[in-house]
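Good morning, and thank you for the time.

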Amino acid sequence: MATTILEILANDPALMPLVEGVVRELALCSEPVSALKVSKRLGVRMSTLLRCLAFLGDGNIGGYPALGWVVSQQDGDRLLLRLSRQGQLVFEEIANNRNH
């Protein structure tokens with residue numbers, strides 16, 4: 001049985017590439033970006049992106065704290081996304097590991 005959100009994600013091989021894609025897309029943007037734009041860039045349905053964001057946000061899933069890598073805010077009818085400071089550090093770590 002999984003004991004952390006990362007373990008839950010590791011058990012869902014379809015979701016991990018999306019997690020990396022979301023972090024990468026948001027890291028490349030200096031301003032908050034709409035969830036719709038991210039879903040189109042990644043070629044996934046909005047419902048799939050929202051499922052991923054549940055893991056990456058700051059809420060709880062099944063009693064486990066989410067990762068806190070992505071901050072979302074509602075702007076009228078648009079959902080805007082940006083990386084948190086923790087998410088930026090994760091992106092830098094991913095980028096450094098790929099370069100070595």
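I shall speak about the sheet, then a pair of helices, and then the core. Please bear in mind that this is a predicted model.

Let us begin with the sheet. Three strands form an open sheet, ordered β1-β5-β4, with antiparallel pairing. As a general point, strands of a sheet pair through backbone hydrogen bonds, in either a parallel or an antiparallel manner. Here β1 (33-34) and β4 (70-75) stand at the edges with a single partner strand each, so one side of each has no neighbour in the sheet. β1 is joined to β5 by two bridges, and Val33 stands opposite Leu81 in β5. The helix α2 packs on this sheet, where it touches β1, β4 and β5, and its direction makes about 85 degrees with that of β5.

I turn to the helices. At what angle do α2 and α4 pack? The angle is about 80 degrees, and their axes are 10 Å apart. That makes α2 roughly perpendicular to α4. In this contact, Leu15, Leu18, Val19 and Val22 of α2 meet residues of α4, among them Cys52, Leu53 and Leu56. The residues of the contact comprise nine nonpolar, one polar and one charged.

Finally, the core. The largest nonpolar core has 20 residues, and those with the most contacts inside it include Val22, Leu26, Trp69 and Val70. Two or more residues come from each of α2, α3, α4 and β5, and α2 gives the largest share, six residues. Beyond its neighbours within four places in sequence, Val70 is in contact with residues including Val22, Leu26, Leu56 and Leu81.

Terms used:
Residues numbered from 1 in each chain as written. Predicted model: local features only at pLDDT ≥ 70, side-chain atom pairs only at ≥ 80, totals over all residues. Heavy atoms only, no water. Core = buried A, V, L, I, M, F, W, Y, C linked by side-chain atoms within 4.5 Å. Buried < 20%, exposed > 50% of the residue type's maximum accessible area, 1.4 Å probe, protein only. Helix = DSSP H or I, 4+ residues; strand = E, 2+ residues; numbered from the N terminus. Contact = heavy atoms within 4.5 Å. Pairing = 2+ DSSP bridges. Axes fitted to C-alpha atoms, helices over the stretch in contact; angles between N-to-C directions. Parallel < 35°, antiparallel > 145°, perpendicular 65-115°, else oblique. Nonpolar A, V, L, I, M, F, W, Y, C, P; charged D, E, K, R; others polar.
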